Amino acid sequence: MTDYFAVQLPPEQIRAISSIGLAHIGDAVYELLYRSKLCTDGHTAVAEMHRMTVAFVRAEAQAEATAKLL
């Protein structure tokens, strides 16, 4: 596989990815979505965007959000 932007794996390869590997990918997607939200909301100060992103996507914040949903 050389095109990491359009990953196409057979089902057996997808099932072979560890839960830690899937969590790693999920965290990256979650962070990208939040970074995109900050940019579209008009934030421009890089240091502030980074601080806000880290505060939002850190494990503790994700656990708090999950608890609220449940």
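A residue counts as buried under 20% relative accessible area, as exposed over 50% and as partly exposed in between (1.4 Å probe, protein chains only). With a relative accessible area of 59%, Y4 is therefore exposed. Y4 sits in the segment before helix 1 (11-15); helices (H or I, at least four residues) are DSSP runs numbered from the N terminus. Between the C-alpha atoms of Y4 and E31 the distance is 18 Å, and the two residues are 27 apart in sequence.

The model is predicted, so local features need pLDDT of at least 70 and side-chain atom pairs count only at pLDDT 80 or more, while totals for chains, interfaces and linings use all residues. Residues are numbered from 1 along each chain as its sequence is written, and side-chain values use heavy atoms, with hydrogens and water left out.

Helix 2 has 22 residues and spans 31 Å from its first C-alpha to its last, close to the 32 Å expected at 1.5 Å a residue. The expected span is 1.5 Å times one less than the number of residues in the helix. After helix 2 comes G42, which has a positive phi near 95°.

Helix 3 has 12 residues, and its first and last C-alpha atoms are 16 Å apart, close to the 16 Å expected at 1.5 Å a residue. Its buried residues are M49, M52, T53 and V57. Viewed down the axis of helix 3, these buried residues fall within an arc of 110°, so they line one face of the helix; the arc is taken from the directions from the helix axis to the C-beta atoms. The buried residues of helix 3 pack against helix 2 and helix 4 (59-69), where contact means heavy atoms within 4.5 Å.

## Nonpolar core

A nonpolar core is a set of buried Ala, Val, Leu, Ile, Met, Phe, Trp, Tyr and Cys residues joined through side-chain atoms within 4.5 Å. The largest one here has five residues: Y34, L38, M49, M52 and V57. Helix 2 (19-40) and helix 3 (46-57) each supply at least two residues of this core. Helix 3 gives the largest share, three residues.

Leaving out residues up to four places away in sequence, M49 touches L38, C39, H43 and T44. T53, also in helix 3, is buried with a relative accessible area of 1%.

## Aromatic pairs

Which two numbers describe a pair of aromatic rings? The distance of the centres and the angle of the planes. Rings of Phe, Tyr and Trp (its six-membered ring) pair if their centres lie within 6.5 Å; planes under 30 degrees apart count as stacked, over 60 as edge-to-face and the rest as tilted. By this rule there are two aromatic pairs. Y30 and F56 form a stacked pair, 5.6 Å centre to centre with 25° between the planes. This pair links distant parts of the chain, with Y30 in helix 2 and F56 in helix 3, 26 residues apart.

In the pair of Y34 and F56, the ring centres are 3.9 Å apart and the planes lie at 10°, so this pair is stacked. Y34 belongs to helix 2 and F56 to helix 3, so the pair ties together parts 22 residues apart in sequence. Ring pairs join Y30, Y34 and F56 into a cluster.
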